[in-house]
Amino acid sequence: MRTLLVLGGGYGGLALIQELLNNHLPQDIEIILIDRMPYQGIKTEYYALAAGTVTDYHLRIQFPVHPRLTIRYGEVTSIDLDSRIVTMEPDETVSYDILAIALGCTDNYHNIPGADQYTCSIQTFAGTRETYQRLNDVKPYGTINIVGGGLSGVELAAELRESRPDLNIAILDRGERVLSAFPAKLSQYVEEWFHHHQVQTLGRVSVSHVEKDALFNGTEEILSDVTVWTAGIQPVKVVQELTVPKDRGGRIILDEYYRVPDYPEVYVIGDCASLPFAPSAQAAGAQGEQVAQVIQAMWRGETPKLHPIRLKGTLGSLGKKAGFGLMGQRSVKGRVPRILKSGVLWMSKRTLG
């Protein structure tokens, strides 16, 4: 038997597996999936779990059950590309013939002192549970500071406002405005929503260091009962430690078939891959499907033919009744994008589950 080893059961890894299982799988191929958890967490909705508006049960998607799929649970601690061996905690090894690295990302603290120690995260299921506990244990009129005004920070702030109207909530960002990657009109709409709902948005804040009950904008002290970090991501540690060519963001540079050039049996999917667009669940899922098509073509002895990935757009929530989005070049605001996002979530749970 030949082993296809998939590291990570997120959007990219699961899309790869399901695409392969739904088509003809050669008789001599065994798929092994390694993941920390016994289900996929819907990461795009972790902000709602942190805010306390959904339970973690509603953000779980069960892994596929198939006689040719073996699932092993544990933390991947190292990848030896030369020996084709992956090590898991505590000291278990798994060998492979083909490897797909889809391990996702972790917070990027930009070497800011105290940021990793004194802030909360929404990057993992376990971390988000802890953040939920911390946020919902804050006494009335407490202060929550969210560092980073991108999509994650905006959605968390809005959801937390609906969940805890008694709290003082602020988004702190280095840029001039929240959602700096979006068109200015969309950003302005979100700023106005926050102003109407008494959420502060503070621009030009460059966090210099973080302490237990405060963060600092240079010498300016900003008191904080809980600080949540949503100010950037990077590939997970085990990928950071691989000595292969990477881009400025630490993501692995790949060939046209998403393979590591010096290790053509190794594919990289999602947040760990250097791609021509920003990391997202949508991009990881689309890429996972294409990697499956490449692998299937290789098994047939054919040259893979891939079309450029075309993303459908980005949708964000402002609580349960409003939202925003970018569909191609078109900005959408209000109730419609929120309904669309709920529909996308329902479809992904139905499809992946």
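Met327 is partly exposed at 32% relative accessibility, a class that lies between buried (under 20% relative accessible area) and exposed (over 50%), with a 1.4 Å probe and protein chains only. The residue belongs to strand β22 (residues 322–327); strands (E, at least two residues) and helices (H or I, at least four) are DSSP runs numbered from the N terminus. With Val336 and Leu340, Met327 makes a nonpolar surface patch of about 240 Å². Such patches take residues with over 30% relative accessible area and no salt bridge, nonpolar side chains (Val, Leu, Ile, Met, Phe, Trp, Tyr) being joined within 5 Å; areas follow the Shrake-Rupley method with a 1.4 Å probe.

The model is predicted, with local features needing pLDDT of at least 70 and side-chain atom pairs counting only at pLDDT 80 or more, while totals for chains, interfaces and linings use all residues. Residues are numbered from 1 along each chain as its sequence is written, and side-chain values use heavy atoms, leaving out hydrogens and water.

The structure holds 15 salt bridges, each defined by a side-chain nitrogen of Lys or Arg within 4 Å of a carboxyl oxygen of Asp or Glu. Glu265 and Arg84 form one, at 3.6 Å from N to O. This pair links distant parts of the chain, 181 residues apart: Glu265 lies in strand β20 (residues 263–268) and Arg84 in the loop between β6 (76–80) and β7 (85–88). Glu265 is buried at 13% relative accessible area, whereas Arg84 is partly exposed at 32%. In the salt bridge of Arg300 with Glu302, the N to O distance is 3.2 Å. Arg300 is exposed at 52%, and Glu302 is partly exposed at 42%.

How values were computed. Patch = residues over 30% accessible without salt bridge, like charges linked within 9 Å, V, L, I, M, F, W, Y side chains within 5 Å.
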